[in-house]
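Here is a friendly briefing to read alongside the sequence and the 3D view. Keep both open, and look up each residue as it comes along.

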Amino acid sequence: MTIVGELLHKNGTGQHSDRRTHGRLNLRWHVLLYRKAVVSPVPARIENISGGGFFCVAAEPFTPCERLTACILLPRVDRSGAPGTCLVECEVEVVHVGPDGQNGFGMGCRIDHYAFRRDSSPERHAMASNGS
């Protein structure tokens, strides 16, 4: 079970629809989207996430079937109670794109695989992934 799947299972907030195989968790997380061989990220906001993917809103459109690196900064609290962040780097595929109505584009992204990174600097990890 994925980390998001475990969250949904534990607190029961996942909602299922007929076309979705995973429950969704509504939230507001920042994500940086990197196109292959492009150094500058496109900032976006994740609206909801599931064990299989996420829906986000970005200022510029992407293309269905486009493959991206997504760097998600998750809020966390360490053992001493101090707030911080945890970086999750994902390889994703854009599944659908449409106008969001809030000066942006809504995108459904399927997560192919992900890794937790100790360093919470998304730029450094994504640039290394893109071969920069």
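A search of the whole structure turns up one aromatic pair, a pair being rings of Phe, Tyr and Trp (its six-membered ring) whose centres lie within 6.5 Å. Tyr114 and Phe116 form that pair, 5.8 Å centre to centre with 90° between the planes, an edge-to-face arrangement; planes under 30 degrees apart would count as stacked, over 60 as edge-to-face and the rest as tilted. This is a predicted model, in which local features need pLDDT of at least 70 and side-chain atom pairs count only at pLDDT 80 or more, while totals for chains, interfaces and linings use all residues. Residues are numbered from 1 along each chain as its sequence is written, and side-chain values use heavy atoms, with hydrogens and water left out.

**How open the aromatic pair is**

- Tyr114 is partly exposed, with a relative accessibility of 35%; buried means under 20% relative accessible area, exposed over 50%, and partly exposed in between (1.4 Å probe, protein chains only).
- Phe116 is partly exposed too, at 43% relative accessibility.

**Barrel layout**

- Six strands close into a barrel in the order E1-E2-E3-E6-E5-E4, with antiparallel pairing; helices (H or I, at least four residues) and strands (E, at least two) are DSSP runs, numbered from the N terminus.
- From one strand to the next, the twist averages 40°, where axes are lines fitted to C-alpha atoms, for helices over the stretch in contact, and angles run from 0 to 180 degrees between N-to-C directions.

**Strand pairs and hairpins**

- E1 and E2 run antiparallel and are joined by seven bridges; two strands count as paired if DSSP finds at least two bridges between them.
- The hairpin of E1 and E2 has six residues between the strands, and Ala37 in the turn has a positive phi of about 65°.
- E1 also meets E4, through five bridges in the antiparallel sense, with Tyr34 opposite Thr69 in E4.
- E4 pairs with E5 over 11 bridges, again antiparallel, and Pro75 faces Thr85 in E5.
- Five residues separate E4 and E5 in their hairpin, where Gly81 in the turn has a positive phi of about 95°.
- E5 and E6 (residues 105-117) are an antiparallel pair with 12 bridges, and His96 has Gly108 in E6 as its bridge partner.
- In the hairpin of E5 and E6, five residues lie between the strands, and Gly101 takes a positive phi near 90°.

**Salt bridges**

- The structure holds 10 salt bridges, each being a side-chain nitrogen of Lys or Arg within 4 Å of a carboxyl oxygen of Asp or Glu.
- One of them joins Arg28 to Glu47 at 3.1 Å, N to O.
- Arg28 is exposed, with a relative accessible area of 54%, whereas Glu47 is buried at 14%.
- Glu66 and Arg35 form another salt bridge, at 2.7 Å, N to O.
- Glu66 sits in the loop between strand E3 (53-58) and strand E4 (67-77), and Arg35 in strand E1, so this link spans distant parts of the chain, 31 residues apart.
- Glu66 is buried at 17% relative accessibility, and Arg35 is partly exposed at 23%.

**A salt-bridge network**

- Glu93 and Arg67 meet in a salt bridge at 3.7 Å, N to O.
- This pair also links distant parts of the chain, with Glu93 in strand E5 (residues 83-99) and Arg67 in strand E4, 26 residues apart.
- Is Glu93 buried or exposed? Glu93 is buried, with a relative accessible area of 17%, while Arg67 is partly exposed at 38%.
- Through shared partners, salt bridges join Arg67, Glu93, Arg110 and Asp112 into one network.
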